[in-house]
Amino acid sequence: MGVIQELIRTEENGTISFGDYTLASKTKKDNFIVGGDSYKVKTFQEITKLECNGMFVYESVPGTAVTGLAVSENEVSFRAEGPEDAEITLGLSDSTEYEVYINGENAGTMKTNLGGKLTLGVELDTEHPAAVRVVRK
């Protein structure tokens with residue numbers, strides 16, 4: 001898969017790919033328009049963060065590369081790659097239960113906090129991207 005050298009891009013299927021965990025210093029790109037929404041990405045070795053219309057969408061520590069991010073009212077899915085395991089936080093609906101799947105395996109039910117954030121640990125490497133799917137119950 002590899003890093004996203006342009007920091008953020010739209011794929012042919014309408015999904016978004018973003019992030020470059022190889023950068024030594026924080027780099028950002030904002031006002032990336034997709035379907036009328038404005039995205040902002042900040043990324044480097046230590047963190048990757050994505051916002052849409054000023055609202056939190058995704059954050060990983062350390063930084064990651066994400067491909068195929070698809071967000072709907074009831075589901076978020078993407079593939080993440082990085083040089084080491086990462087803590088990934090997603091911006092979802094407040095105080096809501098979600099079923100979490102990693103590489104097709106059910107990782108269990110998790111509930112977002114009052115701010116709508118859901119945090120999960122994901123085993124990553126640069127050869128085998130992890131497929132993450134989070135579905136509202």
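Guide: A residue counts as buried under 20% relative accessible area, as exposed over 50%, and as partly exposed in between, with a 1.4 Å probe and protein chains only. Here the model is predicted, so local features need pLDDT of at least 70, side-chain atom pairs count only at pLDDT 80 or more, and totals for chains, interfaces and linings use all residues. Residues are numbered from 1 along each chain as its sequence is written, and side-chain values use heavy atoms, with hydrogens and water left out.

Visitor: Is phenylalanine 18 buried or exposed?

Guide: Phenylalanine 18 is buried, because its relative accessible area is 0%. Tyrosine 58 is likewise buried, at 0% relative accessibility.

Visitor: How many aromatic pairs does the structure hold?

Guide: Rings of Phe, Tyr and Trp (its six-membered ring) pair if their centres lie within 6.5 Å; planes under 30 degrees apart are stacked, over 60 edge-to-face, and the rest tilted. A search of the whole structure finds 2 such pairs. Strands (E, at least two residues) are DSSP runs, numbered from the N terminus.

Visitor: Which aromatic pair does tyrosine 58 form with phenylalanine 78?

Guide: That pair is edge-to-face, with centres 5.5 Å apart and planes at 90°. It links distant parts of the chain, since tyrosine 58 lies in strand S6 and phenylalanine 78 in strand S8 (residues 75-81), 20 residues apart. Phenylalanine 78 counts as buried, at 4% relative accessibility. Phe18, Tyr58 and Phe78 form one aromatic cluster.

Visitor: What is the strand order of the open sheet?

Guide: Two strands pair if DSSP finds at least two bridges between them. The open sheet has 6 strands in the order S3-S4-S5-S6-S9-S12, with antiparallel pairing. Strands S3 (27-34) and S12 (117-122) stand at the edges with a single partner strand each, so one side of each has no neighbour in the sheet. Within the sheet, 5 bridges join strand S5 (residues 47-52) to strand S6 (residues 55-61). Tyrosine 58 in S6 is the bridge partner of leucine 50.

Visitor: Where does the charged end of lysine 117 sit?

Guide: A charge sits over a ring if NZ of Lys or CZ of Arg is within 6 Å of the ring centre and within 35 degrees of the ring normal. The charged end of lysine 117 sits over the ring of phenylalanine 56, 4.5 Å from its centre.

Terms used: Helices (H or I, at least four residues) and strands (E, at least two) are DSSP runs, numbered from the N terminus.
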